[in-house]
Amino acid sequence: MEKTRAAITAVNGYVPDYILSNLELEKLVDTTDEWITSRTGIKERRILKGQGLGSSDMAAAAVQGLLKKKNIAPEEIELVICATTTPDMQFPATANIVSDKVGMKNAFGFDINAACSGFIYALVTGSKYIESGQYKKVIVIGVDKMSSIIDYTDRTTCVIFGDGAGAVLLEPDQSGAGIVDSILRSDGSGRVHLHQKAGGSVLPASHETVDAKQHFVYQEGQAVFKFAVTNMADVSAEIMERNQLKAEDIAWLVPHQANKRIIDATARRMGLGNEKVMLNIEKYGNTTNGTIPLCLWEWENQLHKGDNIILAAFGGGFTWGSVYIRWAYN
Ligand code: UT7
């Protein structure tokens with residue numbers, strides 16, 4: 001019998017209905033559809049509209065659909081890990097709010113904040129609880145309501161981000177499928193290039209911080225781009241090498257969707273053609289923690305048991321990494 005691995009046994013996603021197109025952004029800021037498309041690959045993104053709605057509402061919708069798909073009662077879930085950069089509140093954890101909304105009464109939960117790499121950090125963390133043998137049903141969520149921290153007068157960031165949620169169920173597998181390997185990295189010195197200045201313990205919210213627009217995403221795009229291209233490609237090549245995977249062994253690359261040019265560079269480095277790369281940036285933009293599970297959700301019908309899949313991400317922190325999964329179901 002193979003060792004016990006954590007396998008993804010179901011995927012679901014949720015995106016809000018409202019579509020913010022490049023054409024609408026042209027009316028808000030000094031930009032063009034041509035600039036956005038050629039520099040990022042994005043055509044439109046989804047925005048969660050409505051008073052009192054937050055990340056937990058999108059996550060709860062994704063999780064409810066996930067449980068329905070698998071015909072599992074919410075009480076069966078033992079652990080919920082929520083990767084998010086836009087939690088409902090500073091505290092408590094959004095994972096707990098989602099558990100309450102969905103009725104996962106027997107689960108404990110916590111959030112992981114690793115910016116755009118949060119989902120893969122959370123997935124690997126969740127996998128360890130399964131591998132230990134102590135837990136059998138773990139839900140991992142990636143969700144962000146990026147529109148809550150975006151300045152829609154700043155053309156350098158407002159064209160990039162969108163809202164959305166994805167969730168996966170992890171269960172033990174002894175057939176050889178599951179999460180086989182992972183490489184997770186971080187470098188805190190990169191924080192100067194991508195962060196939110198106020199609202200934390202260093203610079204708590206005040207009239208001044210609001211007036212100075214310090215509760216929005218601050219990004220030095222070019223600097224982040226340089227690190228992202230190198231690190232996402234390097235870590236993806238490294239996980240292939242140490243698992244003796246050649247390009248032809250890989251069924252899919254599931255990259256974080258920050259910029260089509262970063263994704264293309266990663267695929268090139270891995271020797272993969274476009275036909276093996278999941279890409280939804282055109283429709284959803286950068287949903288931060290949502291990108292990877294939303295891709296898996298959309299491509300679920302095309303995945304086969306035994307497929308070798310590489311997830312790769314790079315984000316604020318800096319954080320980055322890759323995960324090698326042998327897919328568990330048809
Ligand atoms: O997901 C987390 C990690 N984040 C990332 O991985 C993002 C990495 N960075 C990027 O994807 C790219 O750097 C951006 C998409 C953010 C920007 O693209 P870029 O090709 O690096 O553009 P740039 O910042 O070098 O700006 C080029 C020009 C500038 O004008 P000048 O100085 O050359 O006159 C900008 O002011 O484009 C201008 N610009 C725009 N023009 C039209 C910046 N944003 C816009 C815009 N529309 N929305």
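Predicted model: local features only at pLDDT ≥ 70, side-chain atom pairs only at ≥ 80, totals over all residues.
Me: In which order do the four strands of the open sheet lie?

Reply: The order is β8-β13-β12-β11, with mixed pairing. Because β8 (178-186) and β11 (252-255) each have a single partner strand, they stand at the edges and one side of each lacks a neighbour in the sheet. Neighbouring strands are turned by 15° against each other on average, direction ignored. Strands here are DSSP runs of E of at least two residues, and helices are runs of H or I of at least four, both numbered from the N terminus.

Me: How many bridges join β12 to β13?

Reply: Eight bridges join them, and the two strands run antiparallel. I309 has I325 as its bridge partner in β13. Three residues lie between the strands of this hairpin, in which G317 takes a positive phi near 140°.

Me: Why is β13 called largely enclosed?

Reply: Buried means under 20% relative accessible area, exposed over 50%, and partly exposed in between (1.4 Å probe, protein chains only). Seven of the eight residues of β13 are buried, so the rest of the structure largely encloses this strand. Strand β7 (residues 163-173) is mostly covered as well, with 10 of its 11 residues buried. β7 is joined antiparallel to strand β1 (residues 5-14) by nine bridges, and to strand β6 (residues 138-145) by eight, again antiparallel. N12 stands opposite A167 of β7, while K145 has D163 of β7 as its bridge partner.

Me: How do you know whether N274 is buried or exposed?

Reply: Its relative accessible area is 59%, so N274 is exposed. N274 lies in the loop between α9 and α10 (281-284). Its C-alpha atom is separated by 9.7 Å from that of W252, 22 residues apart along the chain.

Me: Why are α8 and α9 called roughly parallel to each other?

Reply: Angles run from 0 to 180 degrees between N-to-C directions, with axes fitted to C-alpha atoms, for helices over the stretch in contact. Angles under 35 degrees count as roughly parallel, over 145 as roughly antiparallel, 65 to 115 as roughly perpendicular and the rest as oblique. Helix α8 (residues 221-242) and helix α9 (residues 260-270) pack at about 30°, with axes 9 Å apart, and are therefore roughly parallel. Their contact (heavy atoms within 4.5 Å) includes F225, V229 and M232 of α8 and I262, A265 and M270 of α9.

Me: Which strands does helix α11 (residues 291-299) lie across?

Reply: Helix α11 lies across β11 and β12, running at about 140° to β11.

Key:
Residues numbered from 1 in each chain as written. Heavy atoms only, no water. Pairing = 2+ DSSP bridges.
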